[in-house]
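Trainee: I would like to go through the terms used for this model and check each one against its cut-off. Could we take them one at a time?

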Amino acid sequence: MKIAWVTPFSRRSAIGRVSASVTAALARRGHQIAIIRSESARDDNTQAHQTMLPICWWQDINTQNIDHLYDLIVLNIGDNYNFHAGIMAFIDRSVCLGIFHDFYLYNFFQQWIVQKDFGPDIYDQEVLVTYGNSSLSLARAAWRNEAQLQDVADLLPMTEWMASRCGAALAHSRFYLTRLEAACAGPVNVAPLPFDARDVPLLFHRNRNEVVLLTVGVMNPNKCVAEVINAICAAPLLRARCRYRLAGIVSDAERARLARIASEGGFTKLDFLGEIDDAILTKELANSDVVICLRKPVLEGASASAIEAMKSGRPAVKPSPTGRRSPTLQR
């Protein structure tokens, strides 16, 4: 089978890491795979994941003839428009299989409107078609960045907007399966995230006084970093023994907010690492004792950092499967 695999492929993309692994497995089974990079801006100098398969950019593809070139078009769908902009070149041209890595797609939708300069009328029209008149008030508040994230996730995630354009859909968790089934005309299924974890040594007994906690990813408020800091500050033993390291991009405003919360609570061992490469991330995972994978609300289908933690034998603090109950500790 000839398969077009549309995906971000930058080393900064966890979905790109998954794509490198899955496409290699498909090729070993005899399929002809073409990796089509979906990043919004073409940059041949960006570090990409390693592959032996042919790679091109979505800007190079004549989508008018796409059905004559491939038997199957797979779209890796996520909420980061800069990584996934190219999927929109294919989704209305052919019957595609959409892999929904993220449940929440509002940010992608909003940026699509902005980048295409469609304006508020098209924004309202797409929301109306997807969710009806009752959604407009919340949609307009979300456009002005005046809506609560939880409300947008519950009532306006735009999952159905994307699913309705796909011929088939795949989720990585069951909690958003009904949304895909309601919107997608074709078959819908669930499969675990096929993530190849890094080569991190298993956790062993350490003769040290510190317990190192680690959160990986973009430090958005929904990562619950502030809640973790507050929990540490509330317990003298944790405050004295824990070191909390944040590996990922954080805005200046969020960094200042988190540093202030820690300072006010008397917690001094908060480390901002910023964006780091794979080699340093592997070292940070090896040095960690507990990996914090909290989300409130849950916006993604599966957590790569939770998989990394569990495959390396580290406790993972993560949300319940529904994303609505208290966090759970899994080993």
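Trainee: Why is Phe175 called partly exposed?

Mentor: In this predicted model, the relative accessible area of Phe175 is 27%, and because buried means under 20% and exposed over 50%, Phe175 falls in between and is called partly exposed.

Trainee: And why does Phe103 count as buried?

Mentor: Phe103 has a relative accessibility of 5%, which is under the 20% limit and therefore meets the definition of buried.

Trainee: What makes Phe103 and Phe175 an aromatic pair, and why is the pair called edge-to-face?

Mentor: Their ring centres are 5.4 Å apart, and because the limit is within 6.5 Å, they pair; the planes stand at 70°, which is over 60 degrees and therefore edge-to-face. The pair links distant parts of the chain, since Phe103 sits in the loop between E5 and helix H4 (106-115) and Phe175 in the loop between strand E6 (168-171) and helix H9 (177-183), 72 residues apart.

Trainee: How do you know that strands E4 and E5 pair?

Mentor: Strand E4 (residues 72-77) and strand E5 (residues 97-100) share four bridges in the parallel sense, and because at least two bridges are required, they count as paired. Within this pairing, Leu75 stands opposite Gly98 in E5.

Trainee: What makes the sheet open, and which strands stand at its edges?

Mentor: Seven strands follow the order E3-E2-E1-E4-E5-E6-E7 with parallel pairing. Strand E3 (55-57) and strand E7 (188-190) each have a single partner strand, so one side of each lacks a neighbour in the sheet, and these two are the edges.

Conventions. Residues are numbered from 1 along each chain as its sequence is written. This is a predicted model: local features need pLDDT of at least 70, side-chain atom pairs count only at pLDDT 80 or more; totals for chains, interfaces and linings use all residues. Side-chain values use heavy atoms; hydrogens and water are left out. Rings of Phe, Tyr and Trp (its six-membered ring) pair if their centres lie within 6.5 Å; planes under 30 degrees apart count as stacked, over 60 as edge-to-face and the rest as tilted. Buried means under 20% relative accessible area, exposed over 50%, partly exposed in between (1.4 Å probe, protein chains only).
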